[in-house]
Amino acid sequence: MTVTVYVPIDAGALSLGAGEVAAAIAAEAGRRGTQVTLKRNGSRGAYWLEPLIEVVTPAGRCAYGPVTPGDVRALFDADFLHGGAHALRLGPTEAIPWFKGQQRLTCERVGIVDPASVEDYVAHGGYQGLKRALSLEGAAIVQAITASGLRGRGGAAFPTGIKWKTVLDQQAAQKYVTCNADEGDSGTFADRMLMEGDPFVLIEGMTIAGIAVGATQGFIYLRAEYPHAHAALKTAIAAARHAQYLGADVAGSGKRFELEVRLGAGAYICGEETSMLESLEGKRGEVRVRPPLPAIKGLFGQPTIVNNVVTLASVPWIVVHGAEAYAAFGMGKSRGTLPIQLAGNIKRGGLIERAFGLTLRELLYDYGGGSATGKPIRTVQVGGPLGAYIPASQFDTAVDYEALAGIGALLGHGGIVAFDDGVDMARMARYAMEFCAVESCGKCTPCRIGSTRGVEIIDRILEGVDGERNLKLLEDLCETMVQGSLCGLGGMAPFPVQSALKYFREDFRARVN
Amino acid sequence: METLSPDDSAVVRRIVAEHLGRPGPLLEVLHAVQAALGFIPAGAVPLVAQELNLSRAEVHGVVTFYHYFRRSRPGVHTVSLCQAESCQAMGAGALTEHARKRLGIDFHETTPNGRFSLEPVYCLGNCACSPAAMIDGRLYGRVTAQRFDELIAEDSAAS
């Protein structure tokens with residue numbers, strides 16, 4: 001009898017040798033004449049255990065990890081195909097403490113299903129949301145999303161239902177649903193994991209959005225840095241179309257919804273929604289002045305939903321289980337769950353989906369196990385390159401939109417990057433300005449010129465030229481950029497600089513290189 | 001301006017023809033041109049412009065806006081090193097210095113023998129396995145200087 005072994009095909013797992021492990025298992029099974037069925041799943045998200053392989057036993061899936069190709073022979077010797085004892089044996093996957101307390105709603109199937117198989121998706125409860133949505137009026141679907149309290153997970157945290165309602169209320173011959181998959185924030189990879197591990201949930205979410213507001217065409221704007229996600233999405237879209245979940249007659253409803261992936265080309269600014277729309281139209285990704293809102297005049301001038309991957313992928317769960325069930329998770333105005341991404345200098349990095357409200361300290365130490373280097377964690381940057389640096393004294397802050405805003409920080413897309421006490425915060429501040437200079441679309445002056453001047457001023461401070469005067473000038477420049485920039489890039493790039501100045505001013509001293 | 005060879009012109013014309021009629025096709029066309037030719041030659045710009053009924057300035061503007069589009073031929077292997085915060089927290093700076101010395105080139109340059117181009121990248125989405133690198137579309141995590149040398153040696157041997 002054949003035994004099924006799961007080896008992730010997730011880009012992060014592959015980057016640690018999962019492909020070689022899969023090949024080694026196949027080769028060793030061949031050598032021994034043992035029947036093994038290799039299945040390729042997404043990552044469960046515990047990257048410190050990757051490559052994490054799972055054997056299907058009568059008692060459920062049993063995990064081993066991190067596995068290298070060199071371990072494979074010994075695993076066979078230990079009869080891992082029947083859950084045999086081995087130093088790398090982790091036991092039943094769901095019982096691993098790191099997974100046990102998680103509340104996986106949006107990512108419920110990531111790491112579990114075969115991302116290329118629509119049948120597997122359906123077997124694990126997929127397309128139940130669409131089925132239910134097709135029995136409802138568009139307005140009722142929108143109402144459910146509004147009542148769930150779902151807010152944009154890309155970073156802006158705008159109430160999703162209100163956005164959808166605006167699009168629903170427009171009269172137009174053509175409306176669009178666009179997915180912002182330009183996940184450019186350092187420390188974030190939830191979109192990538194979803195697209196690689198459970199692409200159908202995104203496709204289903206976009207289809208429900210289309211049905212709800214009367215849009216017949218969807219676009220996924222995917223960053224070019226994600227070739228694995230691109231391949232996974234193309235495969236899944238073709239499979240969904242073949243199974244008639246996409247096309248002129250979605251699931252036999254007579255309603256149309258088409259979907260296409262388009263690649264970005266390495267511009268961070270295209271994660272800003274109006275810039276993304278310009279890019280989708282084949283133009284330079286320059287920010288548009290709002291109003292008009294994209295929900296009124298968006299892609300090709302038509303009413304357009306623009307939502308992040310996680311937002312759209314949360315929709316099927318909400319439609320199946322109901323708005324109240326989703327809103328029962330979370331705290332305050334942050335309802336539901338958030339796939340939190342733990343990254344940087346951290347011992348146990350990866351994806352943790354939990355209801356809003358966990359503190360940074362719980363994440364960094366209970367889940368993360370402290371820094372990878374074993375040194376104290378001095379600061380974390382939350383919310384990507386535009387997010388503030390948070391000092392250790394504020395690690396008891398809850399992961400919640402309002403709580404983080406309350407300390408002058410932001411949650412963004414839920415990425416947390418840890419730094420140990422070796423970090424030079426003046427260098428990180430310089431990097432924030434440098435990044436803004438590299439990625440500025442150039443449309444507005446505070447961002448385009450201000451970021452370059454910011455780099456120069458920090459360089460002068462570090463060279464010991466007029467330290468106090470230049471520190472003041474830097475603070476002034478930050479204020480100008482925050483107040484005067486057209487979009488969040490120039491308007492928020494000063495946040496990491498300002499927080500570094502506020503909490504780590506001792507790092508802004510002249511030094512000898 | 002260099003003109004395209006008849007073969008390359010035919011490739012560009014075919015690519016544009018495949019995308020005509022689709023909404024806002026310019027980025028898709030440029031991706032296909034770069035995939036076919038390895039970069040976007042200056043001579044392709046007026047051709048794409050003419051075929052898509054755009055101005056040269058519009059096409060040039062798009063090519064130069066996006067970091068991913070190259071205007072010169074890359075090396076046999078393109079090595080991208082992540083420079084973003086998560087990778088910095090795990091030593092991307094030192095790794096980058098090592099790579100510069102090892103290859104003898106800076107970012108946006110190609111080794112004289114044409115084998116390697118070195119590029120910065122701002123996040124590969126592998127932040128729980130920092131520092132990250134991508135070589136010819138293959139992703140690598142927790143890259144040490146030693147691992148980098150092994151990968152470069154493998155790639156040198158493979159081509």
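A polar contact, as I use it today, is a pair of N or O atoms within 3.5 Å; within protein, one must be able to donate a hydrogen and the other to accept it, and residues adjacent in sequence count only if both atoms are side-chain atoms. Here is one: the side chain of A:Asn470 reaches the backbone oxygen of A:Val465 at 2.8 Å.

Some ground rules. This is a predicted model, where local features need pLDDT of at least 70, side-chain atom pairs count only at pLDDT 80 or more, and totals for chains, interfaces and linings use all residues. Residues are numbered from 1 along each chain as its sequence is written, chains are lettered from A in the order in which they are written, and side-chain values use heavy atoms, with hydrogens and water left out.

Stay with A:Asn470. Helices are DSSP runs of H or I, at least four residues; strands are runs of E, at least two; both are numbered from the N terminus. Is A:Asn470 buried or exposed? Buried, because its relative accessibility is 2%. The cut-offs: buried is under 20% relative accessible area, exposed over 50%, partly exposed in between, with a 1.4 Å probe and protein chains only. Leaving out residues up to four places away in sequence, A:Asn470 touches A:Ile457, A:Arg460, A:Ile461 and A:Val465. Contact means heavy atoms within 4.5 Å.

Now chain B. It has 7 helices and 5 strands. Along the sequence, the pattern runs α-α-α-α-β-α-α-β-β-β-β-α. The C-alpha atoms fill a box of roughly 50 × 30 × 25 Å, along the principal axes. Of the 159 residues in chain B, 52% count as buried.

Next, where the chains meet. Here 61 residues of chain A are in contact with 38 residues of chain B. Together the two chains bury about 3600 Å², with 58% of it on carbon and sulfur atoms. Buried area is the accessible area, 1.4 Å probe, that two parts lose on being put together, summed over both. On the chain A side, A:Ala265, A:Arg284 and A:Tyr431 lose the most area, together 16% of what that side buries.

Last stop, B:Ser86, in helix H5 of chain B, residues 85-88. B:Ser86 counts as buried because its relative accessibility is 0%. Which residue's side chain does the B:Ser86 side chain meet in a polar contact? B:Ser130, at 2.9 Å. B:Ser86 also touches residues of chain A, among them A:Ser186, A:Gly187 and A:Val417.
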